[in-house]
Amino acid sequence: LNGASPWVIGVRGDLTPADSFKAWFEGTYEGGADGTVNSDTISAFLVNAGGSFAIKGGWSPVIHANYTYASGGGKGQSVSAGTPGQSTFRPWFDYVEGYNGYLFAPQLSNIHIFNAGVTSKPYENMSLSCNVYYYLKADNDSFAGSNPNIDFGGLEYTYEGTQSNSRQLGWEIDNVFGYDYSKDVRFQLVNAFFIPAGAYRHDGSGGTVNATSHEVRAEVSVKF
């Protein structure tokens with residue numbers, strides 16, 4: 001905002017202690033001016049850690065777990081005006097590494113993301129996966145939700161009410177079927193469910209949200 005130039009510095013490590021086990025860790029710090037009238041200084045961070053374990057045998061299943069934390073809140077925030085606080089992490093590039101949930105598509109700001117899942121290959125060119133996500137606000141007084149720059153804007157695009165101060169955002173379950181037609185062409189079918197929790201389950205201007213959201217998505221990926 002207003003010509004401000006914040007900066008980001010990070011570190012990542014990958015470890016393979018065994019052929020069947022992989023682990024990773026990533027951390028980043030964001031600083032610099034936020035560009036608002038008060039010219040507050042950003043002091044935010046994000047961490048990501050996870051691991052995967054491959055099981056030898058039929059269908060070659062791989063079990064994985066991942067955790068992401070993006071800081072939120074802090075000095076200077078204005079919930080009514082939608083102004084992030086000093087400690088609110090501001091993502092620069094959206095979803096270079098994935099969605100963290102196809103339907104909710106969370107913005108990497110003021111959020112805890114817990115993920116666990118399994119991927120298997122029934123046949124050489126076919127894959128099946130199931131991912132479960134749980135979303136929790138880092139600061140209950142600040143906004144956390146879908147990324148407006150991804151696809152149709154996620155859940156926030158269709159939700160007309162305001163969030164409560166509950167930290168619990170909800171659960172998502174993604175089931176994905178993939179087929180590699182060739183090394184350059186891949187087809188994918190996604191069936192995603194989002195179950196709203198306390199932040200959405202309340203009476204507000206947009207009514208009470210109790211229903212589970214559902215999305216079916218077909219994708220084709222072509223490499224040149």
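How many salt bridges does a search of the whole structure find? The search finds five, a salt bridge being a side-chain nitrogen of Lys or Arg within 4 Å of a carboxyl oxygen of Asp or Glu.

The model is predicted, so that local features need pLDDT of at least 70 and side-chain atom pairs count only at pLDDT 80 or more, whereas totals for chains, interfaces and linings use all residues. Residues are numbered from 1 along each chain as its sequence is written, and side-chain values use heavy atoms, with hydrogens and water left out.

**Overall view**

Display the cartoon first. The protein has one helix and nine strands; these are DSSP runs numbered from the N terminus, helices being H or I of at least four residues and strands E of at least two. From the N terminus, the order is β-β-β-β-β-β-α-β-β-β.

Next, colour by accessibility. Of the 224 residues, 38% are buried, where buried means under 20% relative accessible area, exposed over 50%, and partly exposed in between (1.4 Å probe, protein chains only). The protein exposes about 12600 Å², of which carbon and sulfur atoms supply 58%; accessible areas come from the Shrake-Rupley method with a 1.4 Å probe, and for residues only the protein chains shown count as cover.

**The nonpolar patch**

Select W59, L128, F177, Y179, Y181, F187, L189, V216, V220, V222 and F224. Together they form a nonpolar surface patch with about 1200 Å² of accessible area. Patches are made of residues with over 30% relative accessible area and no salt bridge; like charges are joined within 9 Å, and nonpolar side chains (Val, Leu, Ile, Met, Phe, Trp, Tyr) within 5 Å.

The largest share, three residues, comes from β9. Then centre on L189, which lies in strand β8 and is partly exposed at 43% relative accessible area.

**Salt bridges**

Select D180 and R186. Their side chains meet in a salt bridge (2.9 Å, N to O). D180 is partly exposed, with a relative accessible area of 25%, and R186 is likewise partly exposed at 25%.

Move to R217, which counts as buried at 11% relative accessibility. Another joins R217 to E219, the closest N and O atoms being 3.5 Å apart. E219 counts as partly exposed at 25% relative accessibility.

Finally, select R12, D14 and E26, which salt bridges with shared partners join into one network.
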